[in-house]
Amino acid sequence: EETKEAKAECVHTEQLISELQAFQSELLVNEQNERAFVHREQHELLQSEFETLQDEMQTAAESNAAVARALEETKEAKAECVHTEQLISELQAFQSELLVNEQNERAFVHREQHELLQSEFETLQDEMQTAAESNAAVARALEETKEAK
């Protein structure tokens with residue numbers, strides 16, 4: 001009967017190891033899927049905002065051209081040029097801010113996932129340690145049984 005229990009403990013330990021390996025694979029796939037999802041969402045948002053800014057810049061550029069031709073570099077034409085430069089500057093600042101936000105988001109997601117994985121990994125390590133100790137006790141009991149016979 002002790003041999004059956006020892007075998008059962010070994011099978012349980014092997015199942016825990018198999019579950020740990022499957023869990024680690026699943027976590028890797030989930031992390032990759034999460035990154036792809038976040039990247040896709042951010043890309044779509046940035047693309048939409050970029051197109052809006054391009055439309056605004058195109059409109060401002062057309063307006064600048066019309067004013068420059070009609071007024072031959074009057075104050076209005078100069079003001080429109082300044083406005084276009086401001087839009088370009090705002091676009092550049094916006095692009096920089098979006099890059100920083102994307103990096104911060106990735107860092108946040110990575111940190112959250114890391115903390116979760118670390119906690120689950122430690123739990124599985126504790127279970128494996130308990131199973132290993134149990135297996136060692138069973139092995140000693142089997143050895144003692146063999147010696148007693």
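Mentor: With the word helix: a helix here is a DSSP run of H or I with at least four residues, numbered from the N terminus. Ala-107 falls in such a run, helix α2. Note also that the model is predicted.

Trainee: How many helices and strands are there in the protein chain?

Mentor: The chain has 2 helices and 0 strands. The radius of gyration is 32 Å, whereas the globule rule gives 15 Å for 149 residues; 32 Å is well over that, so the chain is more spread out than a compact globule. The C-alpha trace spans about 110 × 15 × 10 Å along its principal axes.

Trainee: Why is Ala-107 called partly exposed?

Mentor: Its relative accessible area is 39%. Buried needs a value under 20% and exposed a value over 50%. Ala-107, at 39%, lies between these cut-offs and is therefore partly exposed.

Trainee: What makes Thr-13 buried?

Mentor: Thr-13, in helix α1, has a relative accessible area of 15%. The cut-off is under 20%, so Thr-13 counts as buried. Beyond its neighbours within four places in sequence, Thr-13 is in contact with Ala-131 and Asn-135.

Trainee: And why does Glu-102 count as buried?

Mentor: The relative accessibility of Glu-102 is 16%, and buried means under 20%; therefore the label holds. Glu-102 is found in helix α2. With neighbours within four places left aside, its contacts are His-39, Gln-42 and Leu-46.

Trainee: What share of the residues of the protein chain counts as buried?

Mentor: Of the 149 residues, 16%. The accessible surface comes to about 11,300 Å², and carbon and sulfur atoms account for 53% of that surface.

Trainee: Among contacts with a separation of 6 or more, what share joins residues 24 or more positions apart?

Mentor: That share is 81%.

Trainee: Which residues line the largest pocket?

Mentor: The lining consists of His-43, Leu-46, Gln-47, Phe-50, Leu-91, Phe-94, Gln-95, Leu-98 and Leu-99. The volume of this pocket is about 150 Å³.

Trainee: How do the lining residues divide into nonpolar, polar and charged?

Mentor: There are 6 nonpolar, 3 polar and no charged residues.

Trainee: Which helix gives the most to the lining of the largest pocket?

Mentor: Helix α2, with 5 residues. Both α1 (2-71) and α2 (75-148) supply at least two residues each.

Definitions and conventions:
Residues are numbered from 1 along each chain as its sequence is written. This is a predicted model: local features need pLDDT of at least 70, side-chain atom pairs count only at pLDDT 80 or more; totals for chains, interfaces and linings use all residues. Side-chain values use heavy atoms; hydrogens and water are left out. On a 1 Å grid over the protein atoms alone, a cavity is a set of points where a 1.4 Å probe fits but cannot get out, and a pocket is an open set with protein on both sides within 12 Å along at least five of seven lines; lining residues have an atom within 4 Å of a point. Grid points are joined across faces, edges and corners, and a volume is the space filled by probe spheres set on the points. Ala, Val, Leu, Ile, Met, Phe, Trp, Tyr, Cys and Pro count as nonpolar, Asp, Glu, Lys and Arg as charged, and the others, Gly among them, as polar. Buried means under 20% relative accessible area, exposed over 50%, partly exposed in between (1.4 Å probe, protein chains only). Contact means heavy atoms within 4.5 Å. The radius of gyration is taken over C-alpha atoms; the globule rule is 2.2 Å times the number of residues to the power 0.38. Accessible areas come from the Shrake-Rupley method with a 1.4 Å probe; for residues, only the protein chains shown count as cover.
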